[in-house]
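Morning, everyone. A quick look at side-chain contacts today. Here is the model.

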Amino acid sequence: MSLENKATTIKQQPSLDERETAQSDAPAPGVGDKPLRSQLNDLVDDVRKLAEAEIAYYRIKLSVNMAATKTILILFSIAVILGMTTIVSLILGTLLILTHYWGPIAATALLTGGGLLLTTALMSMAIKRARKLPLDENDQ
């Protein structure tokens with residue numbers, strides 16, 4: 001084959017840009033086969049399936065989170081109960097020690113008064129902070 005024949009053959013072949021344009025202009029296979037109503041029905045079915053899958057996903061996610069939340073609440077409750085019993089033990093131990101030095105009535109009065117003083121201080125702090133909370137959107 002001569003050089004001129006090769007050049008003519010190359011010129012007759014479409015360029016890459018021309019091939020891409022020709023392919024993009026052609027309708028995709030199967031798109032024109034179905035009527036519009038059928039395509040819309042398929043789209044609605046796909047959206048319905050997607051919504052059902054999303055609902056199933058969030059149900060599973062919620063059940064996993066609820067199980068984790070139950071475990072956390074159980075652990076927190078046990079910690080609170082153990083903390084309360086520890087505080088009671090500390091109070092009783094302190095009462096036994098103070099009874100040795102001041103007698104049972106003075107030791108009981110001292111611990112009760114200290115507990116009431118601490119409770120009063122904590123309650124007043126809580127009330128002050130509660131009054132500062134914006135309960136209504138207009139109260140700022």
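Let me start with a definition. Rings of Phe, Tyr and Trp (its six-membered ring) pair if their centres lie within 6.5 Å; planes under 30 degrees apart count as stacked, over 60 as edge-to-face, and the rest as tilted. By that rule, this structure holds 1 aromatic pair. The partners are Y57 and Y58, with ring centres 5.0 Å apart and planes at 70°, so the pair is edge-to-face.

Some ground rules. This is a predicted model: local features need pLDDT of at least 70, side-chain atom pairs count only at pLDDT 80 or more, and totals for chains, interfaces and linings use all residues. Residues are numbered from 1 along each chain as its sequence is written, and side-chain values use heavy atoms, leaving out hydrogens and water.

Y57 comes in at 47%, so partly exposed. Y58 is partly exposed too, at 48%.

Now charges. A salt bridge is a side-chain nitrogen of Lys or Arg within 4 Å of a carboxyl oxygen of Asp or Glu. The count is 2 salt bridges.

K34 bridges to D42, N to O, at 2.7 Å. K34 is partly exposed at 43%. D42 is partly exposed at 30%.

R48 pairs with D45, with the closest N and O atoms 3.3 Å apart. Both sit in helix α3, residues 36-102, and are 3 residues apart, about one turn of the helix. Helices here are DSSP runs (H or I, at least four residues), numbered from the N terminus. R48 is partly exposed at 46%, and D45 is partly exposed at 34%.

Definitions and conventions. Buried < 20%, exposed > 50% of the residue type's maximum accessible area, 1.4 Å probe, protein only. Helix = DSSP H or I, 4+ residues; strand = E, 2+ residues; numbered from the N terminus.
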